[in-house]
Amino acid sequence: MIFIIFIVFLPVAQLQDLQDQCPGGSCNPQLGDLMVGRADQLSASSTCGLDGPQDYCIIGYLEDVQKCFKCDSRLPYDRYSNPNSHRIENVITTFDPERKTRWWQSENGVHQVSLRLDLETVFQFSHLVLTFKSFRPTAMLVERSKDFGRSWKVFRYFAEDCSLHFPAVSNQAADSIDDVVCDSRYSGSEPSTDGEVVLKALDPVFQIVNPYAQKIQDLITLTNIRVNFTRLFTLGDTLLGRRRRNPQDKYYYALYNMVVRGSCFCNGHASQCTPVDRGRGDVFTQTGMVHGRCVCQHNTAGENCEKCQDFHHDTPWRPGGVNTVNICRRCNCHGHSDSCHFDTAHFELTGGVSGGVCDDCRHDRTGPRCERCRPFLYQDPQRATDDPHACIPCDCDPAGSQGGGLCDALTGQCVCKENVEGRRCDRCKYGFFSLRQDDPAGCQVCRCHVMGSVGSCDQLTGSCECDRLASGPLCDRCLAGFWGLGNSVFRCSPCDCDIGGAHSTTCSPEDGQCSCLPNMVGRRCSDPASGYFLAPLDYFLYEAELAAPLHGGSSSSPSTPPSSSSLVCAVRVSVYTDNIMCFTCSISVYFQLNPDVPQCEQYFREQGYNFKFTNGRVVLVRRTRGLVRRRRQGQNSIPLDPGHALQIVPRQRTVDQPITWTGLGLVRVLEGEGLRFTVDNLPSSLDYQLVIRYEPKAPSDWLASVSIITALLGDGGCSSNPTGSKPLILPGNSRGVILDSPVCLNAGGRYFVDVVFNKLPGSDGSSGSQILIDSMGLIPRIESIKDFCSQSDLDSFRRFHCIGLASELGPQESVPDICEGLIKSMSARIHNGAILCRCNVIGSLGPFCSKLGGFCECKPNVIGRCCDTCAPLTFGFGPDGCKPCECDPRGSMSELCDQIRGQCACRSEVTGRRCDRCQTGFWGFPFCRHCECNGLSEVCDEETGECLNCREHTTGPNCDRCVEGYYGNPVSRQPCQSCLCPDVQSSGRFFATSCQQDPQSLSVTCNCREGHTGPRCDRCRPGFYGNLVLPGARCEKCRCNNNINPDDHHACDSLTGECLHCLHNTMGPRCQACRPAYYGNALDQDCKAGRAQKSSSPRLQSKVQAPCKGH
């Protein structure tokens, strides 16, 4: 009894020592026999002698040996008092020297017997060894349970014949460690005693990587083990299916030892175990007994160390292994809690660092480790975290803090509402105002426009301080004349509306769009719309070649000339001459077609033109005299007026030559002569500055006298009309000059500007008395446009000499940007917006023109602002542009051609569009001599002069002889008459090649064809035949095989051709056979005398081959 008490208290006294035996690695308790000390937990389904003595026998062949015995198991086994007791506890190993005197034995003849060990907790099973006193069972199986017998799993089957006793179980070697198979090694008849059955939980054939894997743990852990004997071993001398009447039965199960090797199961966390408390307040133990309660280490607890100790849940529990440091780590609650639990979500959230969550934190603490103060409290920075008095109340403004006064648990910083700041949340953030407790966000956002205001709003009232260009309570509007608040990268931007293209200086406050004049676009209204343009300063340009000439300083006619405005594309007028060798002028006169056609006709007729209106075109045909006698004299000028000295000098445009003129070219004006320009296209009543462009022929200066005549008053915008004559000096070293004093002209008015040109007195007379005039222009005076631009703009306009540049620059040159901007604005103001391009659909490449100037993009060789005119020296205005005239200089009188037909002006003997060949009746271009055809043809070969198409039956290079069948002398003007041989050539009875007349006798002799003879060739010659009376007949050679005399008049018939006088000893109608008594080939004139043999073929009668016999 004292021994038992000592064992009970031993684990408590030496617990610390036991726990220190394996601090850093896996712990494994020692193995032992689980049967020891558990006799009352061992049972058998059949035991002999439990109800009274039973007889049993053994199998033996010796006569004098006792074979039958008694079994009496009513009392436990005692070596001395009860040695025949064979209860189940006898199988527990005692290591007694006389151990074979005790065993367990079943009742006789019972096949189905079970042995069962029930353990008090989960143990780790190693192997089972059964040692039999009797024969081993023919069939048996071993089972295990992990739930105290509620469910069972078979470890293994054993049978001598597995297929007989366990047909559904494999008898092959196991493929994996947990396969259930039938083993036949332990079921044989030998030995008859001391035979063993061995079962290992883990077959050593298989390598175990992880001993804590689920399938491994399922094999080695158990609470119960059961051995089921299913078939007794018999010798076949009796049927055991019915009980034998003989009580000394010899078939039963008898077992010396049953060893169940194992250890307490501690998951690798204990090396020692103590007895399990069965609830009675004490425990029983025995020497060698394997106890089931683990003495846990590594901060683990439980009978099997299957969980962490209390307050050791900061890291998760796991089976013991190489490193057990981080298993069941102690929780850290900073002294504010005595319990904790493991939280998987928190463990994963910390990245596997900490999973312990403290329970029921004290001292106003919260958090997984009681590390934070509760809401409305925060950590006193002067105290430690584990101080029970470290949490002090928050000091927050309830109006600006969340939750009525929440603060950060560590810093004490109050948790402010969205629009509040400060440690106490007692003020609005920048850009917010009006702190109120009932406002969820705390403060309202300032409504000041961020671009229109300076700084933030007042935090109490919300009032805004506006930028200098912004206005309104919220500073969200720009001042008048500004725009873009919030819609641009700047604050308020000036409207900067174009002074000419916009209606006013104000714009939309949102996008800055100004109000544009018609056809003006862009935010500032500074650009023309697509298909429109803005006029340059020299837009009102009047070409000299379209002006009316002044004779001796006065107009050539009292009639009003047509408008010479070239600003619009108008009706094309081509000028021609009326002589057959015409000089085609090919200039294009522009005028505006109006209903007053009879007045136009009268004017042009008085100017020396024939006036016609055909297919929508006015065609003027000039009446000239003496042009057929003009020759090319190196000049390419066109008379401006019939008989007048003023001449148009066209200019051809080339790629390498700058264009310094406008229109077709220039007008050569002699001293004392003048030009009248008609002005009738002004859109606004303004002051204009008159400009004359010219090219001096010499460095001498000229004087232009300018007079303006008012023909139609117009809208009366000017206070007075221009009067008098104004002088204008044209320096010899310049190309343009401006009249100093501006002139006011009315919109809708009609004016005649007469300019007379004279050399200045004292100029060098040898330098020539002519000047080339390009055009006259009217430039609007910027100062006369009301409310147009500022004084600084005017100063820039004058400083950059914008007007002077416009008068001097060529059409392809540009002005400075400052001038261009003001010019575009001025054009939009004068014309009330942009002007339509009006590009000619035939002559231009598209409907668009240059934005300044309105110049369309022309097709090849097309000129004009609207691309409506062929350039000089070109013609054929059409879809492909204009084609070059290419007049042949050898045959033309000018390089110019008619601009419609392309006809060049040819010399009298020359023709062709290009004047590149002689006229009909001439040859040898370019000299073009008359064709010499004796008056019998008007045409001859253009290169050789040989006459073509000779008349009156003549032929020859000069029509100087008669054709075949005719006679006469065309050179002597003797007509060609038909030869009568014997009839005319077309009668079918003409048998001559020609005939001739004797000049003396005037008789006609025919030159007969072959076979004909006689003066009229009306007979056949000897050797020929034919009936010449028949139409179409002629004399043919007689077919006599050359066997007649051709000079014999009677050799053949003259009508039928039959051969009459055959020669060479031949005969027949064709002289084709040898005469009788001759042989040979008559066709070869080879008939010889002799007797010929008859031929078998008629064809061979004339060719006898056999020789004649002698007479």
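This is a predicted model: local features need pLDDT of at least 70, side-chain atom pairs count only at pLDDT 80 or more; totals for chains, interfaces and linings use all residues.

Trainee: What is the average pLDDT of the protein?
Mentor: The average is 82, and 82% of the residues score at least 70; pLDDT is the predictor's confidence in each residue, from 0 to 100. Over residues 613–617 the pLDDT is below 50, and beyond near neighbours in sequence this stretch has seven contacts in the model. The pLDDT is also below 50 over residues 1092–1111, a stretch with 27 contacts beyond near neighbours in sequence. A contact means heavy atoms within 4.5 Å.

Trainee: How many helices and strands are there?
Mentor: The secondary structure comes to nine helices and 82 strands. Both are DSSP runs numbered from the N terminus: helices are H or I with at least four residues, strands E with at least two.

Trainee: What is the span of helix H9?
Mentor: H9 covers residues 817–830, has 14 residues and reaches 20 Å from its first C-alpha to its last, close to the 20 Å expected at 1.5 Å a residue. The expected span is 1.5 Å times one less than the number of residues. Buried residues in H9 include Cys819, Leu822, Ile823 and Met826, where buried means under 20% relative accessible area, exposed over 50% and partly exposed in between (1.4 Å probe, protein chains only). After H9 comes Asn832, whose phi is positive, near 55°.

Trainee: What percentage of the protein's residues is buried?
Mentor: Of the 1111 residues, 46% are buried.

Trainee: Turning to cysteines, how many disulfides does a search of the whole structure find?
Mentor: The search finds 43 disulfides, a disulfide being a pair of cysteine sulfur atoms within 2.5 Å. One of them joins Cys266 to Cys294, with an S to S distance of 1.9 Å. Its torsion about the S-S bond is -95°, and the link is left-handed. Cys266 sits in the loop between strands S12 (254–264) and S13 (273–274), while Cys294 is in strand S14 (residues 293–294), 28 residues apart.

Trainee: Are those two cysteines buried or exposed?
Mentor: Cys266 is buried because its relative accessible area is 2%, and Cys294 is buried because its value is 5%.

Trainee: And how far apart are the sulfur atoms of Cys1062 and Cys1071?
Mentor: They are 2.0 Å apart and form a disulfide. The torsion about their S-S bond is about -85°, so this disulfide is left-handed. Cys1062 is partly exposed, with a relative accessible area of 21%, whereas Cys1071 counts as buried at 0%.

Trainee: Finally, where is Asn1081 found?
Mentor: Asn1081 is in strand S81 (residues 1078–1081). Its relative accessible area is 17%, so Asn1081 is buried. A polar atom of the Asn1081 side chain lies 3.0 Å from the backbone nitrogen of Leu1083.

Technical notes:
Residues are numbered from 1 along each chain as its sequence is written. Side-chain values use heavy atoms; hydrogens and water are left out. A polar contact is a pair of N or O atoms within 3.5 Å; within protein, one must be able to donate a hydrogen and the other to accept it, and residues adjacent in sequence count only if both atoms are side-chain atoms.
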